[in-house]
Amino acid sequence: MATAEVLTNGNSTLCDWHDRYYHVDQILDRPGPRTDPSFMAGDGVKEFLRNQCKILVIGAGGLGCEILANLALSGFKDIHVIDMDTIDISNLNRQFLFRPKDVGQPKAIVAAEYIMKRVPGVKVSPYYGKIQDKDDAYYMQFNLVICGLDSVEARRWINATLVNLVDPENPESLKPLIDGGTEGFKGQARVILPTVSSCYECSLDMLNKPTAFPICTIANTPRLPEHCIEWASVLEWPRVQGDKKMDTDDPEHINWLYTVASARAKEFKIEGVTWSLTQGVVKNIIPAIASTNAIIAASCCNEAFKIATSSAAYLNNYFMLIGTDGVYSYTFEHEKRDDCPVCGGESLDISVPRTWTVERLIEMLVEKQDIQIKKPSLSTASSQIYFQAPPQLEEATRPNLEKQVFDLVPDGGEITVTASTLPFSLFLRITYS
Amino acid sequence: MIKIWSMKKNEDAAAKRKPKTSAAQIRVQKDLTELDLPPTMKTHFPDPADLLNFTLTITPDEGMYKGGAFTFSFVINTNYPHEPPKVKCTQTHLLHALDRKIYHPNVDLEGNVCLNILREDWKPVLNLNSVMVGLQYLFLEPNADDPLNKEAAEELRKNRDQFVYNVRQSMRGGNIKGVQYNKVTVQ
Ligand SMILES: [Zn+2]
């Protein structure tokens, strides 16, 4: 328990009492047999970890609470945290930075305050909102990013953002991403060096996808309470509510689904439809287990510590924990994919005459020996330039063939090229001569 | 910090900054521009600038649904291809329930489609072409084992001739067992 004295020490930054980091310093004061040759034992590394290193934690939920506590206690002192959620009463069993009085408050803010109160000298800067609100300049300020998220979409976004941030002219632009995830007794921790090693998108097909039941089973032969809930949400909601969008955060909507699913369950003599199961199924909530979160968060923070200090070899690159049948863990190197839409594919800087038409540019791409593209389709981030198919879009974009590239893409602008002969896509950065 | 950059230097594929186009968006561009559809299938984009919402019309040239035109709406979200596209049978571009009834064992009267790769068997390696080919196959080989329209499936299993007759009736806009179907025949 926190003593009153520690609590009042709040935000003072110069309170590294004697031997505060006695244990961690055993590792930082001298090299070991497996430390990286670049490891600078002693004050240099301690100074970096404690006074310079800036780390971003994405997510302040089950994993996030653990991660924040671990980082603060390992000596990271400039921690930022982003989370868009508010605290729900059901979080309190495992998200130990929150108390009943905090229900309804933003997770990021409450977590930051708690850590700062509890671990003197640590500064935690919270942001209550979406990761998408922040721009490249924001992400550029960090040395490391750790993710403890439950959303595939958010992970894909931050992964792509960090890959895109890598600027060949600037070594500092490469931000290691440590990603943790749990599902019940299973979990994984991985280290992603954007553009260097396998990224999140490279391994997208390894993900367990949410359980989906055949729609005909739901419609005709329900056997499980989940079948009744899916019937209510997938078939009955659109039939009865029409175009009204279902909001899984609206208790009224969950109530409606629960009532409809219960009636269905009664008809088929199925037991087990409850309000919380209904919410769980429609929001695709996977049971969270505090101890799995603790293991994965600890693993992520160990990697953050090793990467920040070079004091030991870091994970290369995927650690998998399966606790469903005894304890099994496996570490392997997930390979980077050439056909990864985010980190794979090539990127070319090309310079074209200002007078070139789109047609001329396409001819050049087709003729160019080192790329050899057949039937390329081109677009910018905001609009189509020329599409080979389907017929309607080919026709709609055909007039662009005669236009000058300059009229469609600004100097330094980018074009995404896809073609069946490319592993995935090719990016062109256009400058005009 | 570890010296990642020195590793980077050894990589031959030097990092270049890439455009802010999302992976889902590029993947949809790739899927659409590489569609290889037979003349029996046509896509239509109500807003050609919006690649994520479109319809597919299938006009089977063989089998019991020959002579009909069947339209499906496709809605793709930003989590594609982690999530499959949302596909519904819709006889007009209106979303009114009465306007999209077809007599098919694997399509219900609300336009829901029972096709395994649209739900339980979806994988990110599948693409829009696979989905479209799968949909066309439903009209060549309706499947009585995965019923969404139970009566149609029952009929197909018990009395194939009657089923074929019902299909023809329904396509002309006929009434089968009290359900008025939409006219879908084309010349
Ligand atoms: Zn990748």
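Figure 1. UniProt positions are given in the numbering used here, and annotations may be inferred rather than shown by experiment. With that caution, the UniProt record, an unreviewed entry, lists A:Cys216 under "active site". The model shown in this and the following views is a predicted one. A:Cys216 belongs to helix α8 of chain A, which covers residues 215-220, and with a relative accessible area of 6% A:Cys216 is buried. When its neighbours within four places in sequence are left aside, A:Cys216 is in contact with A:Thr221 in chain A and with B:Cys114, B:Asp146, B:Pro147 and B:Leu148 in chain B.

**Figure 2. The interface of chain A and chain B.** On the side of chain A, 76 residues are in contact with chain B, and on the side of chain B, 54 residues take part. The two chains bury about 5700 Å² between them, and 59% of this area lies on carbon and sulfur atoms. The interface has 16 residue pairs in polar contact, counting pairs in which both residues are at pLDDT 80 or more. Helix α7 of chain A, residues 152-165, gives the largest share of the side of chain A that touches chain B, namely six residues. Sorted by class, that side of chain A consists of 42 nonpolar, 20 polar and 14 charged residues.

**Figure 3. The salt bridge between the chains.** Side chains of opposite charge can pair when their charged atoms come close. Across the interface of chain A and chain B, one salt bridge is found. The side chains that form this salt bridge are those of A:Glu230 and B:Arg119, with a distance of 2.7 Å from N to O.

Figure 4. In chain A, the side chains of A:Asp16 and A:Arg20 meet in a salt bridge at 3.0 Å, N to O; A:Asp16 is partly exposed at a relative accessible area of 38%, whereas A:Arg20 is buried at 16%. Also in chain A, A:Asp25, A:Asp29, A:Lys46 and A:Arg50 are linked in a network of salt bridges. In chain B, B:Glu154 and B:Arg157 form a salt bridge of 3.5 Å, N to O, and both residues lie in helix α4 (residues 150-158), three residues apart, which is about one turn of the helix. B:Glu154 is partly exposed, its relative accessible area being 35%.

Figure 5. In helix α13 of chain A (residues 358-367), A:Glu363 and A:Arg360 are three residues apart and so are separated by about one helical turn, and their side chains meet in a salt bridge at 3.7 Å, N to O. Both partners are partly exposed, A:Glu363 at 39% relative accessibility and A:Arg360 with a relative accessible area of 29%.

**Figure 6. Backbone details in loops of chain A.** A cis peptide bond, with omega of about -10 degrees, joins A:Asn316 and A:Asn317, and A:Asn317 is found in the loop between α12 (290-309) and β7 (318-322). A:Ser310 is found in the loop between α12 and β7 as well; although A:Ser310 is not a glycine, its phi is positive, at about 60 degrees, and at 3% relative accessibility A:Ser310 is buried. A:Asp19, another residue other than glycine, has a positive phi near 65 degrees. A:Asp19 is placed in the loop between α1 (4-8) and α2 (22-28) and, at 45% relative accessibility, is partly exposed.

Figure 7. The secondary structure of chain B comprises five helices and six strands, which follow one another from the N terminus in the order α-α-β-β-β-β-α-α-α-β-β. Of the 187 residues in chain B, 53% are buried. The cis peptide bond between B:Tyr80 and B:Pro81 has an omega of about 0 degrees, and B:Pro81 sits in the loop between β3 (70-75) and β4 (86-89).

Definitions and conventions. Residues numbered from 1 in each chain as written. Chains lettered and ligands numbered in written order. Predicted model: local features only at pLDDT ≥ 70, side-chain atom pairs only at ≥ 80, totals over all residues. Heavy atoms only, no water. Contact = heavy atoms within 4.5 Å. Buried area = accessible area lost by both parts, 1.4 Å probe. Salt bridge = Lys/Arg side-chain N within 4 Å of Asp/Glu carboxyl O. Polar contact = N/O pair within 3.5 Å; in protein donor to acceptor, adjacent residues only side chain to side chain. Helix = DSSP H or I, 4+ residues; strand = E, 2+ residues; numbered from the N terminus. Nonpolar A, V, L, I, M, F, W, Y, C, P; charged D, E, K, R; others polar. Buried < 20%, exposed > 50% of the residue type's maximum accessible area, 1.4 Å probe, protein only.
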